[in-house]
Amino acid sequence: MVPHALRARQPVGRPDAAAARHRPRRGHAAGARPAAGHAGGPGLGRGAGEDHARAAAARVHRRGQRPAAAAAYYGTIDATPLWISLLHDAWRWGMPEREVAALLPHMEAALGWLADYADPDGDGFVEYIDTSDRGLANQGWKDSGDSIRFRDGSQAKPPIALVEVQGYAYEAARNAASLLDAFGRPGAERWNAHADALAERFRARFWVDGPHGRFPALALDTDKRPVDALTSNIGHLLGTGLLSEAESAQVARLLAAPMMSGGYGLRTMSSGDGGFSPLSYHCGSIWAHDTAIVLGGLARAGFAAQAAGLAEGLLAAGEAFGYRLPELYAGDGAGPHPGFGRPMPYPAACRPQAWSAAAAVAIAHAALGLYPDVPAGRVLLRPMAGAPLGALAARGLRVAGAEVSVAVDAAGRATVTGLPPGLDLDVV
């Protein structure tokens with residue numbers, strides 16, 4: 001369940017590949033509203049309440065009023081849609097129906113945020129802006145002030161609509177529709193239509209031409225111009241459903257190219273872009289969790305060779321760092337570094353760091369390829385072709401409450417044991 005759990009930043013995650021991204025940040029926000037779904041139970045963490053605050057503040061600001069300061073905010077735009085997908089993943093892995101049902105009001109509150117607050121200017125995209133002048137200028141996982149740059153290196157001005165956040169919003173709408181339909185609640189048709197419209201807008205506004213072909217831009221800026229840097233962010237779209245098969249193949253091709261994957265993992269920005277520096281915090285360095293999220297998406301989308309290449313880069317970096325991956329390291333090319341011969345450390349990187357530690361789980365999940373769908377009565381077993389990482393086994397996985405073991409041998413043959421009755425196994 002690694003992918004959504006890695007993506008979701010610390011308190012919010014999902015059991016698939018999304019929980020490795022957010023650090024909570026203290027500060028002040030304007031015009032705070034109660035968090036969506038904040039009924040004392042599991043909810044949206046930072047996503048809903050703090051983004052409610054920003055959206056409300058934007059409306060107050062436009063009316064010329066002085067917004068009130070809130071006690072705290074966490075500077076994240078994506079936790080709310082990721083929480084929806086976390087719930088959906090937990091359901092597919094066999095979370096008891098009564099427990100899923102208890103969280104559906106919170107999911108509906110999160111959908112309310114997506115519908116009413118995530119898009120303050122009404123252009124159809126989820127976006128952020130700091131209206132307090134005391135918070136983070138950028139509120140995706142790349143939250144440094146200079147992280148959103150055009151191909152020529154110039155910085156984009158907010159409001160910012162990040163590329164990966166549109167993928168998260170699309171996936172959340174589809175996943176919510178599935179849950180609403182399965183539990184007999186209204187709204188499934190509305191959210192499927194929302195996803196369809198978002199996909200159409202995305203294709204019209206985000207795709208740009210570059211030196212190596214078309215690709216999704218990093219973001220839209222305040223003037224709705226595509227921020228045309230080639231970055232790792234586009235890899236987070238893989239597996240969300242927002243891309244067609246042909247679009248996924250194009251994204252996979254670009255991510256596997258030396259300008260992006262020439263180092264010990266995936267560079268945050270292409271080495272051909274004007275803002276690139278191998279020691280830039282978010283514009284050229286390599287983050288283990290970012291690479292792990294993207295390789296998981298590649299594996300799920302069927303691009304095993306590209307996923308394996310990224311995994312091998314991370315494993316080589318892990319060996320160089322004594323199997324204790326730091327938060328990030330330099331995005332230099334692999335091979336002998338002048339006077340170094342290993343990935344160059346980033347001077348201020350946290351080590352150990354939870355996101356980077358979780359990358360190991362994402363790699364294992366991609367290599368083993370276990371994808372349950374308990375409500376549908378089936379389990380897909382699709383390991384990376386050819387076992388590029390060698391023989392691997394995992395025990396104690398929980399599927400519908402049962403302990404499950406998965407193994408892939410050196411020849412790439414996969415087996416799974418312990419599945420509960422009533423589930424059909426499909427080995428690909």
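Mentor: Two strands count as paired if DSSP finds at least two bridges between them. This is a predicted model, in which local features need pLDDT of at least 70 and side-chain atom pairs count only at pLDDT 80 or more, while totals for chains, interfaces and linings use all residues. Residues are numbered from 1 along each chain as its sequence is written, and side-chain values use heavy atoms, with hydrogens and water left out.

Trainee: How many bridges join strand S10 to S14, and in which open sheet do these strands lie?
Mentor: The sheet is open, has 3 strands in the order S9-S10-S14, and shows mixed pairing. Its edge strands, each pairing on one side only, are S9 (370–373) and S14 (424–427), and the twist averages 15° from one strand to the next. Within that sheet S10 (residues 378–381) runs parallel to S14, with Val 379 having Leu 425 as its bridge partner. The sheet is therefore S9-S10-S14, strands being DSSP E runs of at least two residues and helices H or I runs of at least four, numbered from the N terminus, and the bridges between S10 and S14 number 4.

Trainee: What is the bridge partner of Ala 161 in S5?
Mentor: Ala 161 belongs to S2 (161–162), which is an edge strand, as is S6 (226–227), in an open sheet of 3 strands whose order is S2-S5-S6 and whose pairing is antiparallel. S2 is joined to S5 (residues 219–220) by 2 bridges. The partner of Ala 161 is Leu 220.

Trainee: Is Ala 156 buried or exposed, and at what relative accessible area?
Mentor: Ala 156 lies in the loop between helix H4 (97–116) and S2, and, leaving aside residues up to four places away in sequence, it touches Ile 148, Phe 150, Asp 221 and Val 227, a contact meaning heavy atoms within 4.5 Å. Buried means under 20% relative accessible area, exposed over 50% and partly exposed in between, with a 1.4 Å probe and protein chains only. Ala 156 therefore counts as buried, at 14%.

Trainee: Which residue in the turn of the S12 and S13 hairpin has a positive phi?
Mentor: S12 (residues 402–408) and S13 (residues 414–417) pair in the antiparallel sense over 4 bridges, and the bridge partner of Ala 407 in S13 is Thr 415. The hairpin leaves 5 residues between the strands. The residue with a positive phi, of about 90°, is Gly 412.

Trainee: Which residues make up the uncovered face of S13?
Mentor: In a regular strand the side chains alternate between the two faces of the sheet. In S13 the covered face holds Ala 414 and Val 416. The uncovered face holds Thr 415 and Thr 417.

Trainee: What relative accessibility does Ser 405 have?
Mentor: Ser 405 lies in S12, and its contacts beyond four places in sequence are Ala 394, Arg 395, Gly 396, Thr 415, Val 416 and Thr 417. Ser 405 counts as partly exposed, its relative accessibility being 25%.

Trainee: Are H9 and H10 roughly parallel or antiparallel?
Mentor: The axes of H9 (residues 288–300) and H10 (residues 304–320), lines fitted to C-alpha atoms over the stretch in contact, with angles from 0 to 180 degrees between N-to-C directions, come within 8 Å and cross at roughly 155°. Among the residues that meet are Leu 295 and Leu 298 in H9 and Leu 310 and Leu 314 in H10. Angles under 35 degrees count as roughly parallel, over 145 as roughly antiparallel, 65 to 115 as roughly perpendicular and the rest as oblique. H9 and H10 are therefore roughly antiparallel.

Trainee: At what angle do H9 and H11 pack?
Mentor: The axes of H9 and H11 (residues 354–368) are 8 Å apart. The contact includes Ala 292, Leu 295 and Gly 296 of H9, and Ala 359, Ala 362 and Ile 363 of H11. H9 is roughly parallel to H11, and the packing angle is about 15°.

Trainee: What percentage of the 428 residues in the chain is buried?
Mentor: The chain has 11 helices and 14 strands. Among contacts between residues at least 6 apart in sequence, 62% join residues at least 24 apart. The buried residues make up 55%.
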